[in-house]
Amino acid sequence: MNDVPSLPGQSAPRRAALIVAAGKGLRAGGSLPKQYALHQGKPLLRHSAEAFAAWQRDCAIIVVIGEAQRTLAEAALEGLGDVTYVTGGVERSDSVRAGLMAIAAQGGCDRVFIHDAARPHLSAAVLDRLDEALNTLAGAVPVLPVVDSLARGNDGLMQEAVDRAALWRIQTPQAFHFDSILAAHLAWPVSAPASDDSQVARAAGLDVAIVQGDEALRKITFAEDFAMPAPLPQLMTRTGMGYDVHRLASGEELWLGGIRIEHDKGLVGHSDADVALHAITDALLGAMALGDIGEHFPPSDPQWRGADSARFLAHAASLVRAKGGEIVNIDLTVICEAPKIGPHKRAIQQRIAEILTLHPDQIGVKATTTERLGFTGRGEGIAAQAVANVIAPAPSQPTKDERA
Ligand SMILES: Nc1ccn([C@@H]2O[C@H](COP(=O)(O)OP(=O)(O)OP(=O)(O)O)[C@@H](O)[C@H]2O)c(=O)n1
Ligand SMILES: C[C@](O)(CO)[C@H](O)COP(=O)(O)O
């Protein structure tokens, strides 16, 4: 994001998230006010608080709650660090004003992001756009275009059409220079509830930028809105490569690709020295930037002496899957003069598929010699190389602190 660079000696703006969660949720119904009801496994309120905390580690979080809801709110946000709770009012604008005054009482801040707890899917991209707009204007709101025709209606009859070209659907968070929006809210007549804060800001003469909103940021208003699907994660294809070599020696068993092969020599290593499985393990770890096999299973650790390398490979696959990754395919090449790999290819393919719980068609097994050249050509060792392709969620955006 194109933040205005801080001048020497000038610190970054102090930001606060003001999440309003003091509504009754009457339209949604249910036994609890909707902000405490579970949505996709966690209380609705928690989604937004986590989004702010992930966006900016030092963003203060102020949550406006209803009377006697402190226990519910603390349970919903358990473990999220410092949260200031403030009691709200009858109308949303009363709750916002209470929150702003609490922030002022704590010494104020530079920028405040006023957000409905009822809008769970808040992305860093929307927050970045709002924050950037505040470099030039006192306020900014996320908006979406109107995509349907619009018309007035009366007594069950359609009246004149309304031009939608200049109309926008307004979402939250709504971002403001703190002092300006505090003054605007204090000047707004308490008896006239405002439907949102941009309205209050404009009444005070502030210019409010419109920035691109997000369909996923829809407000949960009715019970059926809880069924809104989670935004699909952004996926990326990731490729990893692995390479390994072990020495051949007499009197050792030969394990290759997870199967035991009859041969006059075997591979020497701390574990069962299965170069093929080691190369695939490294390819999977590499695809997810998870280091290499030696970091996960140090040769210095006696527990891996003679270990079945299938354990290493299964562990790497479980790490990939724990990060939401799906293994697409593996391509393995074994490089040796002897034994001949051809007769064992099918068994190796089946065994690797079994370890990775994949279909054998997802495992390519190839072999080559090096035309009697080099250490493999002289039969001193066996090498293996592997490529793994994984589809995984794109890493979350770095926080602003991390980018600075
Ligand atoms: N007095 C109020 C009213 C609303 N809100 C908050 O403002 C947001 C948007 O309001 P809305 O969706 O209308 O929520 P409710 O007022 O709870 O819903 P309803 O009108 O159905 O009762 C919600 O996060 C709600 O908790 C608030 O903090 N204080
Ligand atoms: C603040 C708001 O979410 C912006 O779209 C909206 O105005 C809230 O309206 P509600 O009537 O309180 O649901």
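Biologist: Which residues does L45 touch, not counting residues up to four places away in sequence?

Modeller: This is a predicted model, in which local features need pLDDT of at least 70 and side-chain atom pairs count only at pLDDT 80 or more, while totals for chains, interfaces and linings use all residues. Residues are numbered from 1 along each chain as its sequence is written, and chains are lettered from A and ligands numbered from 1 in the order in which they are written. Two residues are in contact if their C-beta atoms, placed from the backbone, lie within 7 Å. On that basis, L45 touches I19, A21, Q35, Y36, A73, A76, L77 and A117.

Biologist: How many residues has the largest nonpolar core?

Modeller: A nonpolar core is a set of buried Ala, Val, Leu, Ile, Met, Phe, Trp, Tyr and Cys residues joined through C-beta atoms within 7 Å. A residue is buried if 20 or more other C-beta atoms lie within 10 Å of its own, exposed if 12 or fewer, and partly exposed in between, with C-beta atoms placed from the backbone. L18, A21, L45 and V112 have the most contacts inside the largest core, and its count of residues is 53. Apart from it lies another core, which includes A276, L277, M288 and A383 and has 43 residues.

Biologist: Is M158 buried or exposed?

Modeller: M158 lies in strand β9 (residues 157–162); strands are DSSP runs of E of at least two residues, and helices are runs of H or I of at least four, both numbered from the N terminus. Leaving aside neighbours within four places in sequence, M158 is in contact with A151 and G153. Because M158 has 9 C-beta neighbours inside 10 Å, this residue counts as exposed.

Biologist: Which element gives the most residues to the shell around ligand 1?

Modeller: A residue is near a molecule if its C-beta atom, placed from the backbone, lies within 6 Å of it. Of the 23 residues around ligand 1, V20, A22, G23, R27 and S95 come nearest. The elements that give two or more residues to this shell are β1 (15–21) and α3 (92–105). The most, 3 residues, come from α3.

Biologist: What distance separates the centres of domain 1 and domain 2?

Modeller: The domain bounds come from an automatic or database domain assignment. That assignment gives domain 1 as 15–148 + 160–232 and domain 2 as 235–393. Taken over C-alpha atoms, the separation of the two centres is 51 Å.
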